[in-house]
Amino acid sequence: MRRQSRFILSMLAFGYAFLYLPLVSVVIYSFNDSNLATVWGGFSTRWYGRLFQNDQILDAMFLSLQIAATAATLATVLGTMAGLLLARFGNFRGRTVFSGMITSPLVMPEVITGLSLLLLFVSLKQYFGWPAERGFTTITIAHTTFAMAYVAVIVRSRLSAMDESLEEAAMDLGGRPLRVVFDITLPLIAPAMIAGWLLAFTLSLDDLVIASFVSGPGASTLPMYIFSKVKLGVTPDINALASIFILVVTTGLLIAWATMRRSQAR
Amino acid sequence: MTDTPNQDTLWQRFIIALPYLWLLVFFLLPFAIILKISLADPIIAQPPFTPFFDAHGDLSITVDNFLFLLTDKLYAITYLKSLLLAAAATILSLVLGFPMAYGIARSRPGTRSLLLLLIILPFWISFLLRVYAWMGLLNNHGVINNALIWLGVIDQPIQMMYTDFAVFVGLTYSYLPFLVLPVYATLERLDQDLVEAALDLGASHARAFWDITWPLARPGVIAGCLLVFIPAMGEYVIPYLLGGPDALLIGRVLFDEFYVNRDWPLASAVAVMLLLLLVVPIVFLQRNQSSDAEST
C-alpha cells in the first residue's frame, strides 16, 4: 500500500467537502418546517407533500421525461450509426466534416446551440410552415442533436477498443455486411449503447438553456419550471425537489457500484 | 431472402446519410443562419431583421453589429470579465483538482472506484439544482454566514450572494469534475516505475514530480483545463442565479439581447464573437484529444 502524503489527503478531504457540502445542506433544509427557507423552524416533511400536489411540477416533469426518453432513443440510433461510421467505414467522402460536426456539440456553449437552433426553427417555419408550434418536437430535436454526439463518442471508443477479427471472420464466412452488423457488431456494442442512452437521457433531463431557447410559450420542462421559481430566491419546496433528485441518484449509483464490485470480486 | 449485394451498399449509404443529413440540417445550417442574421439590421417586424437580399435582389449586409461590439465599452468589459472569471475558475479547479486526481490515482483499487463514483455522482444530479444549492449556502442568512457568526469569526454577515465571488465559486464547483476526470485518466496510466527509478537515482520527491509526473500528465491537464474554461465562458445559469445584476457575462448578455431587447442581429453577432473567441481553445482541445488517442 502506497502512503498518501498529508497534503494530498487534506486536498481530497477539502475537495469532496466542497463537492458535497451544498448537496447535504439542501437535504437538511428540505426538512425545515419554516416558511423562510434559511431559518430553521423544526423538523417537518410537509414540503414533500406540497410537491406532489403541485400540478405544474408534475406536468413539467412528465413533459421532461417524455422528451428525455424520445431524444435519448433517437440519439442512440443516430449516435450508434455515427460511431459505426467513424470506427468502421474507413475514409468515406466528407469524413473530416463529419467528425468535426459530431464532436463539436460536445464543447459548444449552450447559448450558441440554443440560439442557432431557435433561429433555424424560425426560418423553417417562415419558409415551410414547419414546425408550426415550438415545444415537444423542437426540444426533442435539439436534445437529440447534442446527445447523439455523446453516444457517438462512447460507441466509437468501444468499437476501436474492440477486436475486428470477429467481424472479419463473419465476413470471410460469407456474411453480408449488414448481417454482420446486426448479428455481430451490435450485440458486442450493446453495453456502450445502453450507457449512451442513459447519458443522453440524463443530459436531456438536465438541460435548461437549450430548451428555454427552442421552446414555445405553452411548453415548460422541469428545469424551466424550477428556474422560473429559483430566480426569485431559495424556496422550501424546491429544496424538497432537489433532495428527491439527490437521494434517487445517490441510491441508484451506490447500488450499481456495489453490484459491480461484488461481481468483480467473484 | 435474396438480398443482392446492391442492397447492402444501399444500407451502407443509408447509415452514412442519416446522421450526416441530421447534423447538416440541425447543426451546420443553424450556424449559417446565425452568421447571416448577424450581418443584418434590426427592424421592427416579424422576423425582426432585414432580409439577406433587398427588394431589388441585391445582397444587403452590414457589419455594424460587429463594429458596435468591438467599439462599445460595455461589451469590451463583458468579454474581458467572462474571460477573467473563466480563467480564474480554471486555475482554482486545477489547484484543487490536480491533487485530488493524484490522490485518487494512488489510492487502493476499492477506495479508488468509490472516490471516482463520488466525482461522477454530481453529474447525474440536475446542474440547475446544484447551482441552486449554493444559493442556500452563500445567502446573508445562509449556512456559511450563520456558521461564521456562530463561531464568532464575524458579527455581521458577509455579502457573498450576488457578487462575482459567488459566480467564481459556482463555476469552479460545477466544472471541477471535468478537470479531475481527464487528469486522473493520465495519472492512472502513468508508469509508477519511472518515478521510483528517479527516486532511486537520488532525485527529490519534488524533482521527480516536476521532471516525470507533471510532463506525463500534461495532456490530461490541458484537456481538463479546456473542459472547464470553454463551458465557463458561455455560462448562463450561474451568473444569472448567483451573480448580481452587474454580473454581465457573455452568455447572459446574449440571452438578454435576444429576449429583453429583441435585437436578433446583435444577439447573433454576440454568438459569433463568442464562437470566434472559443475556436482556438476548441480546436486545440480536439487536437490534444486525437493525439492523445493515437499515442495509446
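In which crossing, left-handed or right-handed, does H5(B) pass H7(B)? The crossing is right-handed, a term used if the near helix is turned clockwise from the far one by less than a right angle.

This is a predicted model, in which local features need pLDDT of at least 70, side-chain atom pairs count only at pLDDT 80 or more, and totals for chains, interfaces and linings use all residues. Residues are numbered from 1 along each chain as its sequence is written, while chains are lettered from A and ligands numbered from 1 in the order in which they are written.

The axes of H5 (residues 127–138) and H7 (residues 164–189) of chain B come within 11 Å and cross at roughly 140°; the two helices are therefore oblique to each other. On the H5(B) side the contact includes Phe127(B) and Trp134(B), and on the H7(B) side Val169(B) and Tyr173(B), where contact requires C-beta atoms, placed from the backbone, within 7 Å. By class, this contact has seven nonpolar, two polar and one charged residues.

Between the chains, 71 residues of chain B are in contact with 69 residues of chain A. Helix H1 (residues 5–38) of chain B gives the most to the side of chain B that touches chain A, with 19 residues, and that side divides as follows.

| Class | Residues of chain B |
|---|---|
| nonpolar | 55 residues |
| polar | eleven residues |

As for confidence, the mean pLDDT (the predictor's confidence in each residue, from 0 to 100) of chain A is 88, and 97% of its residues reach 70 or more.

Note on methods:
Axes fitted to C-alpha atoms, helices over the stretch in contact; angles between N-to-C directions. Helix = DSSP H or I, 4+ residues; strand = E, 2+ residues; numbered from the N terminus. Parallel < 35°, antiparallel > 145°, perpendicular 65-115°, else oblique. Contact = placed C-beta atoms within 7 Å. Nonpolar A, V, L, I, M, F, W, Y, C, P; charged D, E, K, R; others polar.
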